[in-house]
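Take a look at the chain below. Follow it from one end to the other before you read on.

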Amino acid sequence: MIKCPRCNKEKAIFDTILGILPCEFCQAKDDELDKIETPEFYTLTKAGRIQKQRDEHGKDILQPYALGKDSKPNLDFLKAYPNKAKDYFKEEQLKKI
Ligand SMILES: [Zn+2]
């Protein structure tokens, strides 16, 4: 039998793809570590949510015109509000983009 490379006591688990893996007891310990690390993922998810909110809020300050009124359409505005484009611009203007 191949001994666990981690604790050198229990029987190692042999995986045809990954090769020799630590015994089931050592792997169980790894699972516990995963549980301890979970709050970090919550934080990351929360950070992602805040970023998303910022992105969504960012649309509110987008101006339809790139350089003041009667200039060319702001591409970011058109991407954010594709259905509003026709309220602000004539079709010829939109075709030019
Ligand atoms: Zn072990």
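The paragraphs below go from the whole chain to single residues.

This is a predicted model. How confident is the prediction, in terms of mean pLDDT? The mean pLDDT of the protein is 78. Of its residues, 68% reach 70 or more.

Now the overall layout. The protein has 2 strands and 4 helices. Starting at the N terminus, the order is β-β-α-α-α-α. How much of the protein is buried? Of the 97 residues, 3% are buried. Next, consider contacts between residues with a separation of 6 or more. Of these contacts, 4% join residues 24 or more positions apart.

Start the walk before the strands. Asn8 sits in the segment ahead of β1, which spans 13–15. Its phi is near 60°. That is a positive value, and Asn8 is not a glycine.

Move on to strand β1, where Ile13 is found. Ile13 has 16 other C-beta atoms within 10 Å. Buried would take 20 or more, and exposed 12 or fewer. Ile13 falls in between, so it is partly exposed. Which residues does Ile13 touch, leaving out those up to four places away in sequence? They are Leu21, Cys23 and Glu24. Look at Cys23 in particular. Ile13 and Cys23 are 10 residues apart in sequence. In space, their C-alpha atoms are 5.5 Å apart.

Further along comes helix α2, residues 75–80, which includes Leu75. Leu75 has 10 other C-beta atoms within 10 Å, so Leu75 is exposed. Now pair Leu75 with Ala85. These two are 10 residues apart along the chain. Their C-alpha atoms are separated by 10.0 Å.

Terms used: Residues numbered from 1 in each chain as written. Predicted model: local features only at pLDDT ≥ 70, side-chain atom pairs only at ≥ 80, totals over all residues. Contact = placed C-beta atoms within 7 Å. pLDDT = per-residue confidence, 0-100.
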